[in-house]
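Me: I have a structure open and would like to learn how to read it. Could you walk me through some of its features?

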Amino acid sequence: MRRNSFRVTLSAANLLVAFLASSSYAAKKSSSGGAGSPITVVIDAGHGGHDRGGIPGQRVAEKDMTLDVALRLSNVLSASGYRVVMTRSTDVFVPLGGRVAIANSYRNAVFVCIHFNATGRSGASGIETYFYSRDSLPLASAIHHYVTGGAPSANRGVRRRGYYVLRKTSIPAVLVECGFLTNPTEAAYAQSASYRQKLAEEIAAGVRGRNSVGSGFTTTRVATAESIPLQPYIDQTKVTSSKKSRSKRSHKKSTRKNKSSSKRSSSDARASSSDREG
Ligand SMILES: [Zn+2]
């Protein structure tokens, strides 16, 4: 119950901030995209407060990395004329319902959740971007295109998954996993301010480019110079129908152990994505 009143206070505070921000950014509105395009970006730094994120015993706290990237993203987007709303801008815990309520209080907006990945296998690495509603795929494609283009980490693809913050939001919503903090190389990247700035700039480029993504949900398109190719995605939402293939997969996994490293990393991808919940 205390949590509820906290949430209400927080939403009200955010609305106030948004109201104040709207007047200062009103003049810049036209520079943030074409007519009718979303102009408010709700940025969600994953975890916070008592919720460190990641897995038990993880050295680098996910909540600190997500907040830093989110604040940098806020700066970059504000500088390009976007109205920005943060679900948290300090090290506090905001329940998922509170985050969604903030996002859903805006129209003409998009929601971007910043996370870093974790798994027990230190070899697992790479960047993945999640979406749920079809309306969110262009934003996911664009963000993933830029982030993977600008990062040395592996491309683990765009994935469709029913995370709470993606399922419950009524505006286009995307969750970016900016690399594995349990991987020594990627943890070292994440701890570099210049790398976090780069991540923020690439995510911002994706927000700007969201309307340039080639359309067509399943077709492979040849991208023009102006358009961002629709990123191939992995559907992880069909829980019941995947039962069969999952048991097949685990069989394959055991027979595949000594094969190429690229195959090993793709089985890492499946295993680790079922390991953690955002
Ligand atoms: Zn997370």
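Reply: Happy to! Let's start with Ala193, which is found in helix H7; helices (H or I, at least four residues) and strands (E, at least two) are DSSP runs, numbered from the N terminus. Before going on, note that this is a predicted model, where local features need pLDDT of at least 70, side-chain atom pairs count only at pLDDT 80 or more, and totals for chains, interfaces and linings use all residues. Residues are numbered from 1 along each chain as its sequence is written.

Me: Is Ala193 buried or exposed?

Reply: The general idea is to count neighbours: a residue is buried if 20 or more other C-beta atoms lie within 10 Å of its own, exposed if 12 or fewer, and partly exposed in between, with C-beta atoms placed from the backbone. Ala193 has 9 C-beta neighbours inside 10 Å, so Ala193 counts as exposed.

Me: What is the count for Gly206?

Reply: Gly206 is also found in helix H7, but Gly206 is buried because 27 other C-beta atoms lie within 10 Å. Its C-alpha lies 3.8 Å from that of Ile143, a residue 63 positions away in sequence.

Me: Which residues does Gly206 touch?

Reply: Contact has its own rule: two residues are in contact if their C-beta atoms, placed from the backbone, lie within 7 Å. Not counting residues up to four places away in sequence, Gly206 touches Ala142, Ile143, His145, Tyr146 and Val147.

Me: How do I read the packing of two helices?

Reply: Two packed helices are described by the angle between their axes and the distance between the axes. Axes are lines fitted to C-alpha atoms, for helices over the stretch in contact, and angles run from 0 to 180 degrees between N-to-C directions. Take helix H4 (residues 137–150) and H7: they pack at an angle of about 150°, with their axes 7 Å apart. That makes H4 roughly antiparallel to H7; angles under 35 degrees count as roughly parallel, over 145 as roughly antiparallel, 65 to 115 as roughly perpendicular and the rest as oblique.

Me: What is the handedness of the crossing of H4 and H7, and which residues meet there?

Reply: A crossing is left-handed if the near helix is turned anticlockwise from the far one by less than a right angle, and right-handed if clockwise. H4 and H7 make a right-handed crossing. On the H4 side are Ala142, Ile143, His145, Tyr146, Val147 and Gly150, and they meet Lys198, Leu199, Glu202, Ile203, Ala205, Gly206 and Val207 in H7. By class, this contact of H4 with H7 has eight nonpolar, three polar and two charged residues. Here Ala, Val, Leu, Ile, Met, Phe, Trp, Tyr, Cys and Pro count as nonpolar, Asp, Glu, Lys and Arg as charged, and the others, Gly among them, as polar.

Me: How does H2 pack with H7?

Reply: H2 and H7 (residues 193–208) pack at an angle of about 50°, and their axes are 8 Å apart. The two are therefore oblique to each other, and H2 passes H7 in a right-handed crossing. Asp68, Val69, Arg72, Leu73, Val76 and Leu77 of H2 meet a set of H7 residues including Arg196, Leu199, Ala200 and Ile203. The contact of H2 with H7 divides into nine nonpolar, one polar and four charged residues.

Me: Which residues have the most contacts inside the largest nonpolar core?

Reply: A nonpolar core is a set of buried Ala, Val, Leu, Ile, Met, Phe, Trp, Tyr and Cys residues joined through C-beta atoms within 7 Å. The largest one here has 65 residues, and Val41, Val112, Ile143, Val174 and Ile203 have the most contacts inside it. Leaving aside its neighbours within four places in sequence, Ile203 is in contact with Leu73, Val112, Ile143, Val147 and Val176.

Me: Where are His47 and Asn108, and what are their phi values?

Reply: His47 is in the loop between strand S1 (40–45) and helix H2 (62–79), and its phi is near 65°, a positive value in a residue other than glycine. His47 counts as buried because it has 24 C-beta neighbours inside 10 Å. Asn108 lies in the loop between helix H3 (96–104) and strand S3 (109–117), with phi near 55°, again positive in a residue other than glycine. Asn108 has 11 C-beta neighbours inside 10 Å, so Asn108 counts as exposed.
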